[in-house]
Amino acid sequence: VTTAWTTETGVAGWIDLPDDPAAMLDEADRLGWGDGLPFIPPTRERVETMLEASGIDPEEELDAITPSASRVTGAKVAANAVMAGCLPSVFPVVWTALGAILEPGFNHEGMNSTTHPTAPLVVVHGPIVAKAGFNAGIGTLGPGNRANATVGRAIRLCLLNIGHARPGDGDYATQASPAKYSYCMAENVAESPWGSYHVDLGFDPAQSAVTVMGAEGPHHVNDHVSTDPPGVLTTVASMVTVLGSNPAWLTNSQTIVVLGPEHAATVAKSGFSRRDVQLWLYENARLPLSKYKTGGMWGMQIWPKWKEAISDDDALVCPLDSPDSFRVMVAGGPGRNSAVIPGDGMTRISTVPVAGH
Amino acid sequence: MITVYSPLGALPEPEALTISPMPPMSSGPTIAILDNSKHNFRALMDRVSTAVGDTYPDVSWHIERKPGAAHPVADDVRERILETANVVFTGSGD
């Protein structure tokens, strides 16, 4: 469809922008580029540096992004990573995460087109967290760290610029979410009582990996008083059993429970394993069937047969279908706070290795 | 000026599409509605069918419903629509 990247012309090829940063942003805005924020101009030298550091060929391709169906090449992804402010050291994470997002099971088509405020969450695991300077500690889901901020932003810019998934024209999220600007965190293995999430999945500890999920924004879990696992996990469960969140209604939904280190320590000191947390939440994060009937998507829910067969209004029903649907990680810093990150219900969590790291 | 590489994806050339010919209809057409189960779809289509029926009283209707908007249409439902209807409304956004 296109020639080699160095000879592309027109609005999707080489183009001149004003040197002045404000004028450059004006022109990019006119061209329909970006997320509305200032950016680093993707010069040839910067794009090549980004690619060379990872050994990714400019013509190497990932699956196409919907709705544009444009080719997703190394050069295009690198240009967006430059714009986002990425250092070359984090580009392998961007490339790997985007590749996983574009796999069919992730359902990025649904993520881009739905009215639901889903965004691509990226969780970074393994040695590359420290090596590339990701923040796994205090404020991991917030601003102030270049690696976290720019990886999440680069993914979003790829969806906006390569995929043409722009608000009202390819992205129909009713209100969207701040998570659609940037949504990247790192696992705090140093303070995890259960080691690394990706190692539990079978990865070598020396192997870095990323987990991706189409996700709602983080739902805060505030528990400053509990001193045992049932206490902390009851508060976590209260953020799972909500009618306004997609997992209550869509079978096979998944949810990531991001325990802050203090909550994780409280839960683990009684001998709870990561698996115990999954089992406890599945057994206890429940609502009576009658509650589901009061709103949300009742009547148009997509439930498995066994759940649809429940008829007793007093029966306690978990929004998720199995203990495995809860994924448990540790991230963040001091404080008795955690987060529940519900999937959008139409996505599958995927954890993939970062090649060469 | 500074020369940069556009971050935009190149849009594929649009395919030239042709509109399918109207199916042969010896009598009044049957219009199928494939209800995608979203909350207001049926209400919308009830209004549409009423309006169409006022203008074209010889139209008949065939209604099917999917279990959820995210489900593909089941094979047996598709077969029934093919056997019965000349035209089908297949879905709607929110």
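Predicted model: local features only at pLDDT ≥ 70, side-chain atom pairs only at ≥ 80, totals over all residues.
A salt bridge here is a side-chain nitrogen of Lys or Arg within 4 Å of a carboxyl oxygen of Asp or Glu. By that rule, the count between chain A and chain B is 0 salt bridges. Polar contacts are another matter: the interface holds 12 residue pairs of that kind, both residues at pLDDT 80 or more (a pair of N or O atoms within 3.5 Å, one able to donate a hydrogen and the other to accept it, with residues adjacent in sequence counting only if both atoms are side-chain atoms).

Residues are numbered from 1 along each chain as its sequence is written, and side-chain values use heavy atoms, with hydrogens and water left out.

Now the contact itself (heavy atoms within 4.5 Å): chain A puts in 36 residues and chain B 21 residues. Together they bury about 2,400 Å², with 66% of that on carbon and sulfur atoms; buried area is the accessible area (1.4 Å probe) lost when two parts are put together, summed over both. On chain A's side, D16(A), M300(A) and I302(A) supply 20% of the area buried against chain B, more than any other three residues.

Finally, look at the strands (DSSP E runs of at least two residues). Strand 1 of chain A pairs with strand 1 (residues 2-5) of chain B, antiparallel, over 4 bridges; pairing takes at least two DSSP bridges. Within this, L17(A) has I2(B) as its bridge partner.

Key. Chains lettered and ligands numbered in written order.
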